[in-house]
Amino acid sequence: MSLGPYASFITISYVLVAAVVLILIGWVAIDYRRQKARLRELEASGVTRRSGRGVADTR
Amino acid sequence: MTLIDLANPTRFLKLTARILPWLAGLTAVLLLIGLYQAAMAPDDYQQGATVKIMFVHVPNAWLAMFVWGVMSLAALGTLVWRHPLADVAAKAAAPIGAAFTFLALVTGSLWGRPMWGTYWEWDARLTSVLILFLMYLGLIALWRAVEDPSRAARAAAILTLVGALNLPIIKFSVDWWNTLHQPASVMRMGGSSLDRAFLIPLLVMAVAFSLLFVTLHLAAMRNEILRRRVRSLQLMQVAQASQRSA
(Lines give C-alpha, C1' and ligand atoms only; values in the text may rest on other atoms or scores of the structure.)
Protein backbone atom coordinates (compact mmCIF):
# COMPACT_ATOMS: atom_id res chain seq x y z
CA MET A 1 0.00 0.00 0.00
CA SER A 2 1.66 3.21 -1.19
CA LEU A 3 0.39 6.48 0.27
CA GLY A 4 2.04 8.67 -2.36
CA PRO A 5 3.54 12.13 -1.91
CA TYR A 6 1.07 13.15 0.84
CA ALA A 7 1.70 10.14 3.10
CA SER A 8 2.50 12.39 6.08
CA PHE A 9 -0.93 14.13 5.88
CA ILE A 10 -2.73 10.76 5.77
CA THR A 11 -0.62 9.23 8.56
CA ILE A 12 -1.00 12.25 10.86
CA SER A 13 -4.80 12.21 10.33
CA TYR A 14 -5.13 8.55 11.35
CA VAL A 15 -2.66 8.84 14.26
CA LEU A 16 -4.48 11.94 15.56
CA VAL A 17 -7.89 10.25 15.36
CA ALA A 18 -6.52 7.17 17.16
CA ALA A 19 -4.93 9.37 19.86
CA VAL A 20 -8.10 11.37 20.53
CA VAL A 21 -10.26 8.20 20.62
CA LEU A 22 -7.81 6.61 23.09
CA ILE A 23 -7.86 9.79 25.23
CA LEU A 24 -11.70 9.64 25.28
CA ILE A 25 -11.67 5.96 26.30
CA GLY A 26 -9.04 6.69 28.99
CA TRP A 27 -11.00 9.69 30.30
CA VAL A 28 -14.21 7.65 30.62
CA ALA A 29 -12.41 4.71 32.29
CA ILE A 30 -10.45 6.88 34.76
CA ASP A 31 -13.52 8.96 35.63
CA TYR A 32 -15.51 5.77 36.35
CA ARG A 33 -12.83 4.46 38.73
CA ARG A 34 -12.62 7.86 40.46
CA GLN A 35 -16.39 8.09 41.05
CA LYS A 36 -16.58 4.49 42.31
CA ALA A 37 -13.66 5.15 44.67
CA ARG A 38 -15.38 8.29 46.05
CA LEU A 39 -18.60 6.35 46.59
CA ARG A 40 -16.73 3.60 48.47
CA GLU A 41 -15.02 6.24 50.65
CA LEU A 42 -18.41 7.75 51.50
CA GLU A 43 -19.83 4.29 52.29
CA ALA A 44 -16.84 3.59 54.54
CA SER A 45 -17.48 6.87 56.39
CA GLY A 46 -21.05 5.74 57.19
CA VAL A 47 -23.09 7.81 54.71
CA THR A 48 -25.97 5.80 53.26
CA ARG A 49 -28.49 6.32 50.48
CA ARG A 50 -32.15 6.81 51.38
CA SER A 51 -32.92 3.53 49.59
CA GLY A 52 -30.61 1.77 52.04
CA ARG A 53 -28.51 0.28 49.23
CA GLY A 54 -24.75 0.46 49.31
CA VAL A 55 -23.65 3.76 47.79
CA ALA A 56 -21.28 2.06 45.36
CA ASP A 57 -23.94 -0.45 44.28
CA THR A 58 -24.57 0.10 40.58
CA ARG A 59 -25.45 -3.43 39.50
CA MET B 1 -37.75 -2.42 29.45
CA THR B 2 -39.46 0.82 28.38
CA LEU B 3 -38.17 4.38 28.14
CA ILE B 4 -40.05 5.18 31.35
CA ASP B 5 -38.10 2.45 33.17
CA LEU B 6 -34.85 4.06 32.03
CA ALA B 7 -35.85 7.29 33.78
CA ASN B 8 -34.71 5.50 36.93
CA PRO B 9 -30.92 6.04 37.17
CA THR B 10 -30.38 2.75 39.03
CA ARG B 11 -32.14 0.79 36.27
CA PHE B 12 -30.12 2.74 33.71
CA LEU B 13 -26.88 1.80 35.49
CA LYS B 14 -27.90 -1.87 35.48
CA LEU B 15 -28.66 -1.74 31.76
CA THR B 16 -25.36 -0.04 30.88
CA ALA B 17 -23.39 -2.57 32.96
CA ARG B 18 -24.98 -5.33 30.86
CA ILE B 19 -24.67 -3.85 27.37
CA LEU B 20 -21.45 -1.79 27.50
CA PRO B 21 -19.04 -4.76 27.06
CA TRP B 22 -21.02 -5.98 24.01
CA LEU B 23 -21.18 -2.50 22.49
CA ALA B 24 -17.45 -1.95 23.03
CA GLY B 25 -16.65 -5.32 21.43
CA LEU B 26 -18.90 -4.66 18.42
CA THR B 27 -17.39 -1.17 17.99
CA ALA B 28 -13.84 -2.56 18.04
CA VAL B 29 -14.69 -5.26 15.45
CA LEU B 30 -16.41 -2.76 13.12
CA LEU B 31 -13.54 -0.27 13.47
CA LEU B 32 -11.03 -2.98 12.53
CA ILE B 33 -13.13 -3.98 9.48
CA GLY B 34 -13.53 -0.32 8.47
CA LEU B 35 -9.81 0.39 8.85
CA TYR B 36 -8.93 -2.69 6.79
CA GLN B 37 -11.38 -1.65 4.05
CA ALA B 38 -10.05 1.93 4.15
CA ALA B 39 -6.47 0.65 3.78
CA MET B 40 -7.48 -1.56 0.84
CA ALA B 41 -9.57 1.12 -0.94
CA PRO B 42 -8.12 2.21 -4.29
CA ASP B 43 -6.59 5.64 -4.84
CA ASP B 44 -8.90 8.30 -6.28
CA TYR B 45 -8.09 9.29 -9.87
CA GLN B 46 -7.80 12.96 -8.85
CA GLN B 47 -6.89 12.93 -5.16
CA GLY B 48 -4.65 9.85 -5.11
CA ALA B 49 -4.20 8.26 -1.67
CA THR B 50 -5.32 11.39 0.21
CA VAL B 51 -8.89 10.14 -0.32
CA LYS B 52 -8.15 7.82 2.65
CA ILE B 53 -8.48 10.86 4.95
CA MET B 54 -12.17 10.88 3.98
CA PHE B 55 -12.74 7.62 5.92
CA VAL B 56 -11.94 9.35 9.21
CA HIS B 57 -12.89 12.93 8.34
CA VAL B 58 -16.47 12.34 7.19
CA PRO B 59 -17.62 10.11 10.12
CA ASN B 60 -16.23 12.66 12.58
CA ALA B 61 -17.94 15.52 10.73
CA TRP B 62 -21.28 13.64 10.71
CA LEU B 63 -20.97 12.85 14.41
CA ALA B 64 -20.03 16.45 15.25
CA MET B 65 -23.53 17.42 14.06
CA PHE B 66 -25.32 14.27 15.20
CA VAL B 67 -24.09 14.65 18.79
CA TRP B 68 -25.41 18.22 18.92
CA GLY B 69 -28.70 16.82 17.60
CA VAL B 70 -28.75 14.28 20.44
CA MET B 71 -27.99 17.08 22.92
CA SER B 72 -30.85 19.15 21.45
CA LEU B 73 -33.30 16.27 22.02
CA ALA B 74 -31.94 15.94 25.56
CA ALA B 75 -32.39 19.71 26.01
CA LEU B 76 -36.07 19.29 25.09
CA GLY B 77 -36.19 16.44 27.61
CA THR B 78 -34.86 18.81 30.28
CA LEU B 79 -37.09 21.79 29.48
CA VAL B 80 -40.35 20.11 28.41
CA TRP B 81 -40.54 16.67 30.02
CA ARG B 82 -38.06 17.23 32.89
CA HIS B 83 -36.69 13.74 32.31
CA PRO B 84 -34.20 12.94 35.11
CA LEU B 85 -31.60 11.60 32.69
CA ALA B 86 -31.97 14.28 30.00
CA ASP B 87 -29.40 16.70 31.42
CA VAL B 88 -27.13 13.78 32.30
CA ALA B 89 -27.29 12.70 28.63
CA ALA B 90 -26.56 16.21 27.31
CA LYS B 91 -23.69 16.88 29.71
CA ALA B 92 -22.10 13.49 29.02
CA ALA B 93 -22.34 13.97 25.23
CA ALA B 94 -20.71 17.44 25.07
CA PRO B 95 -17.01 16.50 25.51
CA ILE B 96 -17.42 13.58 23.08
CA GLY B 97 -19.08 15.87 20.51
CA ALA B 98 -16.32 18.45 21.00
CA ALA B 99 -13.69 15.76 20.35
CA PHE B 100 -15.42 14.63 17.13
CA THR B 101 -15.74 18.25 15.96
CA PHE B 102 -12.06 18.89 16.72
CA LEU B 103 -11.12 15.80 14.70
CA ALA B 104 -13.38 16.86 11.80
CA LEU B 105 -11.71 20.29 11.73
CA VAL B 106 -8.13 19.00 11.95
CA THR B 107 -8.49 16.07 9.54
CA GLY B 108 -10.35 18.38 7.13
CA SER B 109 -7.48 20.82 7.39
CA LEU B 110 -4.93 18.05 6.76
CA TRP B 111 -6.98 16.92 3.74
CA GLY B 112 -7.40 20.50 2.51
CA ARG B 113 -3.68 21.38 2.43
CA PRO B 114 -2.72 18.94 -0.36
CA MET B 115 -6.07 19.27 -2.22
CA TRP B 116 -6.86 23.00 -1.91
CA GLY B 117 -3.37 24.33 -1.24
CA THR B 118 -4.40 25.72 2.16
CA TYR B 119 -5.05 24.41 5.67
CA TRP B 120 -7.83 26.89 6.31
CA GLU B 121 -10.27 29.10 4.46
CA TRP B 122 -12.93 31.26 6.09
CA ASP B 123 -15.67 29.74 3.95
CA ALA B 124 -19.19 29.03 5.22
CA ARG B 125 -18.74 25.28 5.91
CA LEU B 126 -15.43 25.54 7.75
CA THR B 127 -16.47 28.62 9.72
CA SER B 128 -19.85 27.16 10.78
CA VAL B 129 -18.14 23.95 12.00
CA LEU B 130 -15.60 26.05 13.93
CA ILE B 131 -18.55 27.88 15.54
CA LEU B 132 -20.03 24.46 16.46
CA PHE B 133 -16.72 23.55 18.14
CA LEU B 134 -16.69 26.84 20.09
CA MET B 135 -20.31 26.22 21.16
CA TYR B 136 -19.34 22.79 22.51
CA LEU B 137 -16.53 24.41 24.53
CA GLY B 138 -18.93 27.11 25.77
CA LEU B 139 -21.44 24.51 26.98
CA ILE B 140 -18.74 22.50 28.76
CA ALA B 141 -17.56 25.73 30.44
CA LEU B 142 -21.14 26.53 31.49
CA TRP B 143 -21.63 23.13 33.17
CA ARG B 144 -18.30 23.53 34.96
CA ALA B 145 -19.03 27.10 36.06
CA VAL B 146 -22.38 26.34 37.76
CA GLU B 147 -21.97 23.99 40.71
CA ASP B 148 -25.63 23.00 41.13
CA PRO B 149 -26.47 20.57 38.27
CA SER B 150 -30.20 21.46 38.21
CA ARG B 151 -29.45 25.18 37.81
CA ALA B 152 -26.90 24.53 35.07
CA ALA B 153 -29.30 22.17 33.28
CA ARG B 154 -31.85 24.82 32.22
CA ALA B 155 -29.25 27.33 31.02
CA ALA B 156 -27.37 24.62 29.11
CA ALA B 157 -30.61 23.32 27.54
CA ILE B 158 -31.57 26.79 26.26
CA LEU B 159 -28.05 27.38 24.89
CA THR B 160 -28.12 23.95 23.21
CA LEU B 161 -31.45 24.66 21.47
CA VAL B 162 -30.21 28.07 20.28
CA GLY B 163 -27.04 26.40 19.01
CA ALA B 164 -29.11 23.83 17.09
CA LEU B 165 -29.88 26.63 14.59
CA ASN B 166 -26.29 26.19 13.40
CA LEU B 167 -26.93 22.57 12.27
CA PRO B 168 -28.92 23.39 9.08
CA ILE B 169 -26.44 26.20 8.38
CA ILE B 170 -23.58 23.66 8.47
CA LYS B 171 -25.49 21.12 6.36
CA PHE B 172 -26.65 23.53 3.65
CA SER B 173 -23.73 26.00 3.75
CA VAL B 174 -22.21 24.31 0.69
CA ASP B 175 -25.47 24.87 -1.23
CA TRP B 176 -26.35 28.36 0.02
CA TRP B 177 -22.89 29.92 -0.44
CA ASN B 178 -19.98 29.53 -2.80
CA THR B 179 -17.57 27.50 -0.67
CA LEU B 180 -14.16 25.93 -1.13
CA HIS B 181 -15.57 22.84 0.60
CA GLN B 182 -17.17 20.41 -1.85
CA PRO B 183 -20.98 19.91 -1.90
CA ALA B 184 -22.60 16.84 -0.28
CA SER B 185 -21.65 13.62 -2.06
CA VAL B 186 -23.25 10.94 0.15
CA MET B 187 -26.47 12.33 1.68
CA ARG B 188 -27.94 14.20 -1.28
CA MET B 189 -30.94 14.14 -3.57
CA GLY B 190 -30.49 11.51 -6.28
CA GLY B 191 -28.27 9.25 -4.14
CA SER B 192 -24.58 9.10 -3.42
CA SER B 193 -22.11 10.19 -6.09
CA LEU B 194 -19.35 8.11 -4.48
CA ASP B 195 -18.14 4.91 -6.12
CA ARG B 196 -18.92 1.72 -4.13
CA ALA B 197 -15.18 1.19 -3.61
CA PHE B 198 -15.20 4.31 -1.39
CA LEU B 199 -18.81 4.32 -0.23
CA ILE B 200 -18.77 0.91 1.51
CA PRO B 201 -15.65 1.55 3.66
CA LEU B 202 -17.01 5.01 4.45
CA LEU B 203 -20.37 3.63 5.62
CA VAL B 204 -18.65 0.91 7.71
CA MET B 205 -16.46 3.56 9.35
CA ALA B 206 -19.51 5.80 9.89
CA VAL B 207 -21.41 2.97 11.64
CA ALA B 208 -18.28 2.08 13.68
CA PHE B 209 -17.80 5.69 14.84
CA SER B 210 -21.54 5.97 15.62
CA LEU B 211 -21.28 2.84 17.80
CA LEU B 212 -18.14 4.32 19.39
CA PHE B 213 -20.20 7.40 20.27
CA VAL B 214 -23.03 5.30 21.75
CA THR B 215 -20.53 3.29 23.82
CA LEU B 216 -18.65 6.34 25.10
CA HIS B 217 -21.88 8.23 25.71
CA LEU B 218 -23.47 5.47 27.81
CA ALA B 219 -20.22 5.11 29.80
CA ALA B 220 -19.99 8.89 30.32
CA MET B 221 -23.68 9.02 31.39
CA ARG B 222 -23.00 6.25 33.93
CA ASN B 223 -20.07 8.32 35.27
CA GLU B 224 -22.22 11.46 35.47
CA ILE B 225 -24.94 9.61 37.44
CA LEU B 226 -22.27 8.37 39.86
CA ARG B 227 -20.81 11.92 40.13
CA ARG B 228 -24.25 13.29 41.06
CA ARG B 229 -24.71 10.48 43.57
CA VAL B 230 -21.33 11.41 45.11
CA ARG B 231 -22.39 15.06 45.27
CA SER B 232 -25.71 14.35 46.99
CA LEU B 233 -24.03 12.01 49.49
CA GLN B 234 -21.39 14.63 50.25
CA LEU B 235 -24.19 17.14 50.91
CA MET B 236 -25.89 14.60 53.21
CA GLN B 237 -22.58 14.05 54.99
CA VAL B 238 -22.20 17.80 55.60
CA ALA B 239 -25.84 18.04 56.81
CA GLN B 240 -25.36 15.09 59.20
CA ALA B 241 -22.14 16.61 60.56
CA SER B 242 -23.81 19.99 61.20
CA GLN B 243 -26.80 18.26 62.94
CA ARG B 244 -24.40 16.40 65.25
CA SER B 245 -22.52 19.57 66.14
CA ALA B 246 -25.77 21.55 66.76
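Buried residues make up 38% of the 246 residues in chain B of this predicted model; a residue is buried if 20 or more other C-beta atoms lie within 10 Å of its own, exposed if 12 or fewer, and partly exposed in between, with C-beta atoms placed from the backbone. The secondary structure of chain B comprises seven helices and zero strands, where helices (H or I, at least four residues) and strands (E, at least two) are DSSP runs numbered from the N terminus. Residues are numbered from 1 along each chain as its sequence is written, and chains are lettered from A in the order in which they are written. As the model is predicted, local features need pLDDT of at least 70 and side-chain atom pairs count only at pLDDT 80 or more, whereas totals for chains, interfaces and linings use all residues.

**Confidence**
- Chain B has a mean pLDDT of 91, and 96% of its residues reach 70 or more; pLDDT is the predictor's confidence in each residue, from 0 to 100.
- The model scores are ipTM 0.90 and pTM 0.91.

**Fold of chain B**
- From the N terminus on, the order of elements is α-α-α-α-α-α-α.
- The C-alpha trace of chain B spans about 80 × 35 × 30 Å along its principal axes.
- Of the contacts in chain B between residues at least 6 apart in sequence, 76% join residues at least 24 apart; two residues are in contact if their C-beta atoms, placed from the backbone, lie within 7 Å.

**Helix α2(B) and the residue that follows**
- The 28 residues of α2(B) should span 40 Å at 1.5 Å a residue, and the end C-alpha atoms are 39 Å apart, which agrees; the expected span is 1.5 Å times one less than the number of residues in the helix.
- B:Arg82 lies in the loop between α2 (54-81) and α3 (86-116) of chain B.
- Just after α2(B), B:Arg82 takes a positive phi of about 50 degrees.
- Most residues other than glycine have a negative phi.
- B:Arg82 is exposed, because 11 other C-beta atoms lie within 10 Å.

**Contact with chain A**
- In chain B, 32 residues are in contact with 28 residues of chain A.
- On the side of chain B that touches chain A, α1 (9-40), α3 and α7 (196-245) each supply at least two residues.
- The most is given by α7(B), with 13 residues.
- The residues of this side of chain B divide into 21 nonpolar, five polar and six charged; Ala, Val, Leu, Ile, Met, Phe, Trp, Tyr, Cys and Pro count as nonpolar, Asp, Glu, Lys and Arg as charged, and the others, Gly among them, as polar.
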